[in-house]
Amino acid sequence: MHDKTTKLPLISPKKTLSNLSRTFIRNALITTGLSTIFMANIASANVDKTPPIKLYTFECGTIKVSDMDVFSSTGDYAKQEKTLSGSCFLIRHPKGDLLWDTGLSADLVGQKPIVNGVFTLTMAKTLPQQLAEIGLSPQDIEYVSISHSHFDHVGQLPTFKSSTWLAQKQEVTAMFGSQKSRKEFAALTTFKPKQFSGDLDVFNDGSVVILDTPGHTHGHTALQIMLPKTGPVLLSGDLYHQATSRDLKRVPRFNSDEPQTRVSMTRFEKIANKLGAKVIIQHEKSHIDSLPKLPKYLQ
Ligand SMILES: [Zn+2]
């Protein structure tokens, strides 16, 4: 039901038939010695069509978990300790900037670690501080989107009220549908999201697509990005919290819907396989630590 992969741009522009035929024509022109003006035209037509997108990774908190039990419904992680990364991403596209996830609350910066049940939360820098390192401010960001509405992903969302919030319809309903939930998200009630259902092709060129992957929460989403050099990248949201969970398809106890999560995992893996995508699990410290640090980016 959620498998809409046929709508997605599954062929890398690098491998399209038209690129192959351009290479063939160019080679034919070289061997037949046609004029340099023809050569110049063909050379410009042969430029890779993937937009020059940049992917920046921001440190959006650290979550030390004293007992990982809640992260598997079958009890596999009972008594295990793990440090999860909080991560946020900026996708710079020629048509605008998209901030993906907003991490833990900025109130944590400069504070002692906050202990909340099995979680110990810390954060070194706010998103505005990290944006400043690359010469940007929150007002420069055209679009913001969250993988889902848990506290470690919406913490700094109120900072981006001048951006357009692209929000999955079911997630918006879960956030503001009842008096109790509205109270939880009180800081966001004046923020009017631009809602969508299913997938969303953010810049209408297939390069940045928000993927409908419900189950962790009712409107959970992941993100597909076509980078010009790295190639396709998938940001997991919290479809998986660690690499082991992806390998063994483990579902947290606190997910909204376990069967729906498994359908989303199948869909996500199908897309990852077809694209040959680099999968980044957003809470997996080893994945986040391997990415370029500011001001560097993935291209
Ligand atoms: Zn999370």
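**The core and what surrounds it**

Q: Which residues have the most contacts inside the largest nonpolar core, and how many residues does that core have?
A: The largest nonpolar core has 53 residues, and those with the most contacts inside it are Leu55, Phe89, Ile91, Trp100, Ile225, Leu234 and Leu235. Strand 1 (residues 54-65) gives the largest share of this core, six residues.

Q: What makes a set of residues a nonpolar core?
A: The set has to consist of buried Ala, Val, Leu, Ile, Met, Phe, Trp, Tyr and Cys residues joined through C-beta atoms within 7 Å. Buried means that 20 or more other C-beta atoms lie within 10 Å of a residue's own; 12 or fewer makes it exposed, anything in between partly exposed, and C-beta atoms are placed from the backbone. In soluble globular proteins, nonpolar side chains tend to be buried together.

Q: What kind of model is this, and how are residues numbered?
A: This is a predicted model: local features need pLDDT of at least 70, side-chain atom pairs count only at pLDDT 80 or more, and totals for chains, interfaces and linings use all residues. Numbering starts from 1 along each chain as its sequence is written.

Q: How many helices and strands does the chain have, and what share of it is buried?
A: There are nine helices and 13 strands, and buried residues make up 37% of the 299 residues. Helices (H or I, at least four residues) and strands (E, at least two) are DSSP runs, numbered from the N terminus.

Q: Which residues does leucine 55 touch?
A: Leaving out residues up to four places away in sequence, leucine 55 touches Phe89, Ile91, Ile225, Leu227, Val233, Tyr297 and Leu298. Being in contact takes C-beta atoms, placed from the backbone, within 7 Å. Across the chain, 67% of contacts between residues at least 6 apart in sequence join residues at least 24 apart.

**Exposed spots**

Q: Why is glycine 110 called exposed?
A: Glycine 110 has 10 other C-beta atoms within 10 Å, so it counts as exposed. You'll find glycine 110 in the loop between strand 3 (96-100) and strand 4 (114-116). Its C-alpha is 7.1 Å from that of alanine 124, which is 14 residues away in sequence.

Q: How do you know that serine 286 is exposed?
A: Again by counting: serine 286 has 10 C-beta neighbours inside 10 Å, so the label is exposed. Serine 286 lies in helix 9 (residues 285-289).

**Helix 8**

Q: How do you know that the buried residues of helix 8 line one face?
A: The buried residues are Thr261, Ser264, Arg267, Phe268, Ile271 and Leu275. Seen down the axis of helix 8, they fall within an arc of 125 degrees (the arc is that of the directions from the axis to the C-beta atoms), so they line one face. On the other side, Pro259 and Asn273 are exposed. An α-helix has 3.6 residues a turn, so residues three or four places apart point the same way.

Q: Where do those buried residues of helix 8 pack?
A: They pack against strand 11 (221-227) and strand 12 (231-235).

Q: What span does helix 8 reach, and what is expected?
A: Helix 8 (residues 258-275) has 18 residues and reaches 26 Å from its first C-alpha to its last, close to the 26 Å expected at 1.5 Å a residue. The expected span is 1.5 Å times one less than the number of residues. Glycine 276 follows helix 8, and its phi is positive, near 65 degrees.

**The sheets**

Q: What makes strand 1 and strand 2 (residues 82-93) a pair?
A: They run antiparallel and are joined by 10 bridges, and pairing takes at least two bridges found by DSSP. Phenylalanine 58 stands opposite cysteine 88 in strand 2.

Q: Which strands stand at the edges of the five-strand open sheet?
A: That sheet has the order 9-10-11-12-13, also with mixed pairing. Strand 9 (200-201) and strand 13 (278-280) stand at the edges, each with a single partner strand. Inside the sheet, five bridges join strand 11 to strand 12, which run antiparallel.

Terms used:
Two residues are in contact if their C-beta atoms, placed from the backbone, lie within 7 Å.
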